[in-house]
Every structure is written in structure tokens, then in C-alpha cells.
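User: I would like to learn how to read the features of a structure, one at a time. Please give the general idea first and then the case at hand.

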Amino acid sequence: MTPARFSISRFILCGCSYAVVLLMLLLPLVLIFTEALRQGLHTAFSTLLEPDALAAIRLTAFVTIIVTVINTLGGIAAAWCLTKYSFVGKRFLIMLIELPISVSPVIAGLIWLLLFGQEGWWGNWLTAHNMQIAFAVPGIVLATLFVTFPYVTRTLMPYMEQQGRDAEEAAFLLGANFWQTLWQVTLPDARWALLSGILLTTARAIGEFGAVSVVSGHIPGVTETMPLHIETLYNGYQTVAAFSMAALLALCAMSTVVLRTLFENSFRKQPS
Amino acid sequence: MSVTLQSFTQYAPGSSRKILDNINLTVEDGAFIALVGPSGAGKTSLLRAIGGLSPVYEGHLLIDGLPIGHSDLPKRKTGFVFQNYALFRHMSVARNISFGLDVLPRKHRPDRADISARVQDLLDLIQLPHLAHARPDQLSGGQRQRVALARALATEPKLLLLDEPFGALDPIVRRTIRRWLRELHDKLGLTTILVTHDHEEALDIADRLVVMQDGRIVQDADANTLNAYPQTPFVMQFLGETLEFAGEIQNKHFIPEDTDVLPFPVTENNGKTTVFIRPSEVRFVAHKGAAHILSQTRNPNGLYHYTVKTTQRTLDITTPVITEHAEDEKFGLDISQGKIFPNIR
């Protein structure tokens, strides 16, 4: 039996957390949707069908798909290397992988500008060969890649660490080759952790603003992703359009988060 | 399938410490041998090396007279059962067992019906015919152990390597599975190498025991030879309770330091030495010393336990032999059945 005063403090604590969550997290969401729907559902939808808006949605989808695929493959490779083998400089590599989490996205964007921009290290060479990376789609992809790189690796690593090498050695002794072991033994066993990492990467890739803002150059209809387009619309006093786009973005992000929570639950239910 | 190791040496990763030191071992086709020794003796390392899990070594490892990895060597004739079974957690029992067949290249792979028939045969063999669709985490330890064995047997190996396969099982299941495994070995004509730290288990199941210590093979012999002629005090101590008596050899007689222990003739040369003896081989000789019995009990397993006090020390002796000596009677200890190891003091 919990003494009465404990249940009172528990009640107060829970109440406070609820208040904070409602005020800080739920209220902005509600606000976004009310602002978007102020002039009705039809108006909100029609702003999303403007050519620039469609271009932004298309670009965001394109960048997200590329980035998620590349970072999933790279993340699996990195997590595999870092957990199943020991080699010189392993700690340093782990530190490097975590760098994008700690470094401000704006700096991530600046790095690419310094490398590929007109004044940058390789700028002249790129111009000479008629290639455009900064202020173009490749730059946006690179910036998003950098920012979202750690997520698959970091969600996979703890799970793979705990997996150990036994099952893989058993597969090898039963005659499986490297790819059969990876696809049939290691990854299916880590599937929930992997899915969770992929969804996290997706959510971050859809919403990335800072790094993309620096490298993209904000060219409407060409290099504007959804978050950038929202800023442009808002600065141009097109409130309904801005909030409609924001609502769409929030829906995408929320559905990935909900999916991720569902996966994590079934992952936890899996007895070890 | 025979296994031969010649001057086989393996180092700990990134150091000059030897995990396996100059191992010479021959396992004939059809033999059942046990690698025994304390933890850290190198048993599991040796087993993993034979299984091909240790790519870096010095010396030679021959399977059926051919170097391991030789292209002529038919692949996957080795079944390996891990200490913790290493079952694939996300696959059903049936998928676990058929894994070795599923990953075969298409031209060698039996068709689906043959594979499931083979899985059913193996499930019958391990006496779990109804558990094909269960997940490994729904099984008990003994069931998992048998599934791991079935998985290793699915590809019809000729060589079976077992790493402490009975470690996590309770004594009754242990004995049953042990006997069942031995029958299986004989029925399928396997060559089996078993790692265990339990010498009684090894004596019970294997034809031959390979005793290891600090990465070396100390003695390689059958149970009777090991008992009658242990090569070192370690082998003798490992195989059972041992008493030690220090003393000196003078003119072909062993003179114990303990005055209540009787001298006896030996063939070794003069010098300090130690006699090693099984407690049951010690005899009490009346009126020849000042030793006496402090207490005696009869253990539930039928053995007698004596606490014997000599002038210098107190000894615990467990023996099947009953003595007629009363508690206050004085006697001497006859240890002439004991062993002297020439190079051990």
C-alpha cells in the first residue's frame, strides 16, 4: 500500500506533466490545424495544389526517399562493423557518427557550401565541369544525408551488441554465406530496431530545415522543400497556405512517430 | 570423418599469449572423444578451431587427411552445437532445423517436400514431433538443446562438435540426453567431439578423454588408463579427490614428513617428493602410529566419511571401505598404493 501523501504527490506530478505536454506539444498542433482550416477545408486543400507547393512536396518526397534508402544501407553497414568486429579507431568512428546529432544543422549546411559553393574548395572545378551542387537538389540531398546519418546506426547498435555473434557463427557453420546470414539471420532478428531507425530517419529527413535552408538558396518551385516553402509563405503573409503546408508536414511526422511507437511496442513484447 | 591436429598453436587476439599451445591430436573416424579440463584450459577454443571458426593459427588442421578449407573437401560435413544453443530467435523450430538445407545452392537443395519430410524425421528423432511451429523462446532448456542438435544434424554431418551441450540442464535431463546422444552417435556412425568441464559426464559418455590445462593437452587416454596411470598430479586431481603426502626418498624408501604415515619401498631415486593417493586407497594399520579417528559418518550415498587426526594434520577421507577401528584406537596410515610423479616434488 502506498501511503496517502505519496499518492497525492504522484497526482500532482502527473498533473504537471500533463499540463506541460498539453501546453507545449499539443497546443501548437491544435493551433496549426485551426489556422490551416480557418477558411475551410477546401481553401486549405487548394493552397496545397499551387504549383510551388506541389513542387515542394515532390522535392521533399524525393529527398526523403533517397536519403532514407542511402542512410539505411549505410547505417546497417556501420552498425554491423561497429558491433561485430573490433578494430583500431572504433571509438573514434562512433564519435564521428554521432557528430551530426551534436553539430548544429546550420553548420552542416555551411560545410557543403564551403566545399561545393562557387567560392568553395571544389567550386571552380564543379563550374568548369558544369555541375551544380550548392543551391541545387544534390546539395539538399547531401545536407539531409549528413543530418540524418546517425539514426539507423544508433538504434541498431544496442540491439546488435546484445545479439552477439553466436547466431551468425551458427549460420556460417550451417553453410550460409555472408548475404544469407545478413538477410536471413541478423536483420530479421533486429527488424524492429531497424524499422524504428528507418522511421526516425524518415521523420528527420522530411522536417529538416536548418542545413537545407543554407545550401538550397530558397528558389521557389526548384530548391524549396516543404519546411522552406512554409517559411516563404509565412513571410509573404500567406497564412492559410503556410499553415496548410505545416499541417501536412505535421501529419507526416506524426504518422511516422505513431508507427514507430507501434513497432517498438511489438518489439518489446517479443520475449528475449 | 577423422580429425588431425599437428603442432597446432593459436594466439589470443592482439597478444602473444597462447590460447592453444602446440596441440597434437588425432580423432579417428567414428570415435567419441571428450575434451575436459578447468575453465580457461582452451577446450572451447580447440573445438572452435576444429569447426573452422578460427581462421588464424599455426600448425596443421586436417579433416579426413585434407587441410581444412581444401576445395576437395565436401562442404558442411560438420555439425556444431553451441553452449547457449544459438537458435535463431525469429524462426520457428522447423525453420531453425531446415536452415542448413534452405541455404544450400539451388542445384544441391532438396525440394520443399523433401526438406519438410526431413524436418519431421528430425523432430521425431529428438522426440518433439508436435513442436514444429513453436518459437525457440517457448521451449524449455532441454527442448532447445535437442532442437540445436537437430539443426546441426539436418545437413547429415559426419563430424559433430558439442560445446558444453548439457551445461544448462538439470541432472535428470542431463543423464537422459547424454545416453540418447551416445546412442545417436552409434546409430548414425558419427565422429563426435564433446567439450565439458564435468569429468564424470566425460567418463560416462566418451571413449577417450583429452585432458587439457593452460592451452595444452596433458593426457589423452581412455578412462581406465587415466585412472591407473595419470601423467601428472593435475590429471589425477582433476579426475577425483586426491590426498597429498610430502616426504623424502632415502635408500629406495619413501619417508613421509608426517610421522603417523608409514614409510614404504619405492623404485625412485633419493630426494624430496610428494605421494598422491585416492582417499579410498589409504589403509589404516593398527598399533603402528598415533593417528586416530575424530569422527565417522555414513553418507547417504553409501560411502564412509572419516575425519582422521595425525600428529601433524587432520585429514578427510571418504571411502567405500569400512574400518574396524574404534574412535580411541591408535593406528598408522599405509599409503603405499599412492603415486609418485618423478618430476614433481
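Predicted model: local features only at pLDDT ≥ 70, side-chain atom pairs only at ≥ 80, totals over all residues.

User: Which residues of chain A does UniProt annotate as "transmembrane region"?

Analyst: UniProt positions are given in the numbering used here, feature names are shortened, and annotations may be inferred rather than shown by experiment. The unreviewed entry gives this annotation to residues 12-33, 53-80, 92-113, 133-152 and 239-263 of chain A. In the model, residues 12-33 of chain A are 100% helix and 0% strand, with end C-alpha atoms 30 Å apart.

User: How many residues are in the largest nonpolar core, and which have the most contacts inside it?

Analyst: A residue is buried if 20 or more other C-beta atoms lie within 10 Å of its own, exposed if 12 or fewer, and partly exposed in between, with C-beta atoms placed from the backbone. A nonpolar core is a set of buried Ala, Val, Leu, Ile, Met, Phe, Trp, Tyr and Cys residues joined through C-beta atoms within 7 Å. The largest here has 72 residues, and B:Ala34, B:Leu35 and B:Ala150 have the most contacts inside it. Helix H4 (residues 141-153) of chain B gives the most to this core, six residues. Another core, of 55 residues, lies apart from it and includes A:Trp112 and A:Leu228.

User: How many residues does each chain give to the contact?

Analyst: Two residues are in contact if their C-beta atoms, placed from the backbone, lie within 7 Å. Chain B gives 18 residues and chain A gives 13 residues. On the side of chain B, strand E6 (78-81) and helix H2 (93-102) are the elements that give two or more residues.

User: What is the strand order in the open sheet of chain B?

Analyst: Strands of a sheet pair through backbone hydrogen bonds, either parallel or antiparallel. Two strands pair if DSSP finds at least two bridges between them. The open sheet has five strands in the order E13-E12-E11-E14-E19 with antiparallel pairing. Its edge strands are E13 (264-265) and E19 (339-340) of chain B. Strand E14 (residues 271-277) of chain B is joined to E19(B) by two bridges, and B:Val275 stands opposite B:Ile340.

User: Which residues other than glycine have a positive phi?

Analyst: Most residues other than glycine have a negative phi. A:His218 has a positive phi of about 50 degrees and lies in the loop between helix H12 (210-216) and helix H13 (226-235) of chain A. B:Ser7 is another case, with a phi of about 35 degrees, and is found in strand E1 (residues 3-11) of chain B.

User: Why does A:His218 count as partly exposed, and why does B:Ser7 count as exposed?

Analyst: A:His218 counts as partly exposed because 14 C-beta neighbours lie inside 10 Å. B:Ser7 counts as exposed because it has 11 C-beta neighbours inside 10 Å.

How values were computed. Residues numbered from 1 in each chain as written. Chains lettered and ligands numbered in written order. Helix = DSSP H or I, 4+ residues; strand = E, 2+ residues; numbered from the N terminus.
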